[in-house]
Amino acid sequence: MIDPLTLNFVTETMKGFGTVEPAGKNRFRITTTPDRLRDAIMHVQAMLGCDRLITVSAVDNSRTLELHYHFTGQHRTVITIATGLSRDKPVLATLSDLLLPAGLYERQIHDLFGISFTGHPSLKKLVLNEDFPENEYPLRKDWKPAPGRSYGGTKERREPL
Amino acid sequence: MTEVIIPIGPQHPALKEPVNFRVVADGEKIVRLELDLSYNHRGIEKAAEQRDFIRVLPLLERVCGICSHSHTTAFAKGIEEIMQLEIPPRAQYIRTIIAELERIHSHLLWLGVAGHEIGFNTLFMWTWRDREAVQDTLEEMSGNRVHYGMNEVGGVRCDLTPAQVRAALARLPLLEERVQKYVGMVNEEETMLLRFRGVGKMTKQEALAYGAVGPTARASGVACDARHEDPYLVYAEIPWEVVTDTHGDVYGRTCVRIGEIQESTKIVRYCLEHLPEGNIRVATPKTAPTGECLSRYEAPRGELVHFIRTNGTDKVERIDIRTPTLANWTSVAMCLTGQNIADIPVIVAAIDPCLSCTSRITVIDDREKKKNAITFDELRERSRARWHAEERS
Amino acid sequence: MDPLLLFIYIFLFPGFLFLFAYALTFEYLDRRIAARMQHRVGPPFFQPFADLIKVLGKEVIDPDGVDRRIFDAAPLIALAAVMTAYLYIPIVGISPLAFEGDLVLVLYLLALPTILLFVLGWLSRNIFSAVGGVRAVTQLFIYEVPFFLALLAPALMAGTWSISGIMVWQQQHLWCLFLQPIGFVVALIGLQAKLERTPFDIPEAETEIVAGPWTELTGRRLALMHLARDASLVCGSALVAALFLGGPQVPWVISPAWLGWIVGFILFLVKTLAVLLILSSIKVATGRIRIDQLNRIGWKYITSAAIVQVAIVLAMNYWWVRA
């Protein structure tokens, strides 16, 4: 059993990747930029012993699309690496080669938030139905279903026989 | 035979839930497979953003029919952390009891399904019958068999009476005895060993790399358990152990789950016997301050994660639910390559997939057919009448 | 034999009418025994009859591009084969149609439904059916060899290829169950595999390939195929009862003759039900094995056991029976 990580240790190790702040009990968040994300994740895996990706969460905060990569390891501390992408052109290089389970999370985020992960082996629809309209991302804050538009499923036929 | 594509799902006898695999097989061997979950997306995360904290709990409870308590507890404990509420110990204990009962019935259900996947229907019938004991306890405690509705932000909805505690304790010995029987069956029944041993093997390194969670990971020797890594409720105070196994195959996953049933039975007994006195809920503010929380919870199927962000109102800004099944799919896809077609059901079932637990609604219209309608109790009496008679004699 | 009596024997009793009634009763008993062992209530007595009538009346759906004639004919041929086989198996005393060599004919006829299942699976242009059909025929090659060997051992011992002849021989000596216990076990395993019951329900593994070759069968095709399966359960049990348990031959001298027949018939019922009970217990107590595992077990153990039994029978013939 390894002791939980301390704020000082995490700050010291992650110097140069962004700000480190505590985010709840036994949780630390490192905010970084999209271009340093990959290096930060590799650094976290190598230097902080984070061998498990818990999940990738995406949040739309109306200014940017945030991505949170949550890691943990033997030390049981959750390290979150957060980054923000512009809402107009959210593109990020895929991490599915580095983090195998991220492949599915990226497909899900692509469906719901419209973030394109370049280099992803099969960025097809995962959770949304295949006849869901393109370029509509339901979990974005400004999304509203357009009246009269088909969002998939069987078409109701109301005309009398 | 040359390569053929076998569609499995979204409606297939092996999977009671909508997922679509396209298995490319060469004869009886699987070459690769593709995954699509899109059959039944319900948009619960979006809907959760429109409801206040009181109304969002029943919604989240309906994410899953089996681990309904998991979702509400994960959410409630996240919101409570953001609100900085201290939950009374009695409420913590009650939540733990329900959570562990849920784990027992979920694992018994799984054991039956695993038996059914290899055509061993006797095991299926037996475990599902024994599961009724747990369901009865849950019904007595909460009034419901599936969606218990026990959680509130700030505590639990209803208290346990001494009579309920006694009744629950009285049911545990029978359950333990039956589980002991299943331990024997899993280790001795020849066809089960043939179908479970060495099937869907995953090493510890693979389990870590593919991000497997729950019993799937623990069967490969990864001792990850959110109850232990990130103790919540009363898991830090009570005696219990993480069950692991080193087989890494379906047999190992079965052993882990049966071990967890036994461990959960002990936890339930301890909690029922040491139930502290006191309030079952605290007053909660209507709104939550701006903040965020990553709430980890060990659901029966593995680690469930709710990422919650609040914005100072009475609604969540964003709730991101990562179910254990989604985390386990990658490992399934890897496990299946090179295996037999005949092993698909049991390998897929071995992670205990819980896809969307769709919005199934049963509408009983008894206005016209009052005579023909059969109440649930009658139905149950019919099906179990003989069993009861035997048990008594 | 009197033509009228023969007509009654073939069509009414103990012929086809009785066969159908008994086959459906067998299905009921099989399901009921399994249900009771699994702590369920099980179906009411008339359930298989009701199912048969209901399914017979259902619409017949032709999958796209399927040869309708073969699809219609296959269940009929399967049923006809089983019904024909039934006529040569002794039910009340010696079968009037018995001839030297009817054992080979019966074994051949009982193998036909499986081959027709393969044909159905292959023709129905459904991937589940095709996989199921291939599995059915693979399984056929695995169990048929030990099954044949196990059933030929009594013939070797009795020195006749007639089922009725073997039965009479057992009357004079001893039941083959006691003389050839290994062969009896192998025959039961082979029968279970032939009828595609757990643990050998590989060709129609519900959770893997839906219903295998049965997937595209509808209406009367399904009903007839189902009836053929139930009838082969009766035939198989009756065959094992005749070859290993002395069949309906009454060990005592009873007069008048008709009373002897009734006692024989009751013995037949008791013995076939005993075989059914064993088969149902195996079904309840096991899970389904994989085709590659069956291949290994079948050739390595079951066939070897059958060969050993035949060798023992040959040795016994030399030292004891013929001596």
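Start where two chains meet: select 41 residues of chain A and 35 residues of chain B, which make up the contact (contact means heavy atoms within 4.5 Å). Before going on, know that this is a predicted model, where local features need pLDDT of at least 70, side-chain atom pairs count only at pLDDT 80 or more, and totals for chains, interfaces and linings use all residues. Residues are numbered from 1 along each chain as its sequence is written, chains are lettered from A and ligands numbered from 1 in the order written, and side-chain values use heavy atoms, with hydrogens and water left out.

Together, chains A and B bury about 3,300 Å², 51% of it on carbon and sulfur atoms. (Buried area is the accessible area, with a 1.4 Å probe, that two parts lose on being put together, summed over both.) Now pick R27(A), R52(A) and L139(A): they supply 18% of the area that chain A buries against chain B, more than any other three residues.

Stay at this interface and look for salt bridges; the rule finds six across it. (The rule wants a side-chain nitrogen of Lys or Arg within 4 Å of a carboxyl oxygen of Asp or Glu.) One to zoom in on joins E66(A) and R309(B), with the closest N and O atoms 2.6 Å apart.

Next, colour the strands of chain A. Five of them form an open, mixed sheet in the order β1-β2-β5-β4-β3. (Strands are DSSP E runs of at least two residues and helices are H or I runs of at least four, numbered from the N terminus; two strands pair if DSSP finds at least two bridges between them.) At the edges sit β1 (19-22) and β3 (52-60) of chain A, each pairing on one side only. Inside, β2 (27-31) and β5 (78-86) of chain A run parallel, joined by five bridges. Find R29(A) and you'll see T80(A) of β5(A) opposite.

What lies across β2, β4 and β5 of chain A? Helix α2 (37-47) of chain A does, at about 175° to β5(A). (Axes are lines fitted to C-alpha atoms, for helices over the stretch in contact, and angles run from 0 to 180 degrees between N-to-C directions.)

Last stop: the largest nonpolar core, with 152 residues; L67(A), Y69(A), F75(B) and W329(B) have the most contacts inside it. (Such a core is a set of buried Ala, Val, Leu, Ile, Met, Phe, Trp, Tyr and Cys residues joined through side-chain atoms within 4.5 Å; buried means under 20% relative accessible area, with a 1.4 Å probe and protein chains only.) Helix α4 (89-117) of chain B gives the most to this core, 12 residues.

Conventions: Buried means under 20% relative accessible area, exposed over 50%, partly exposed in between (1.4 Å probe, protein chains only).
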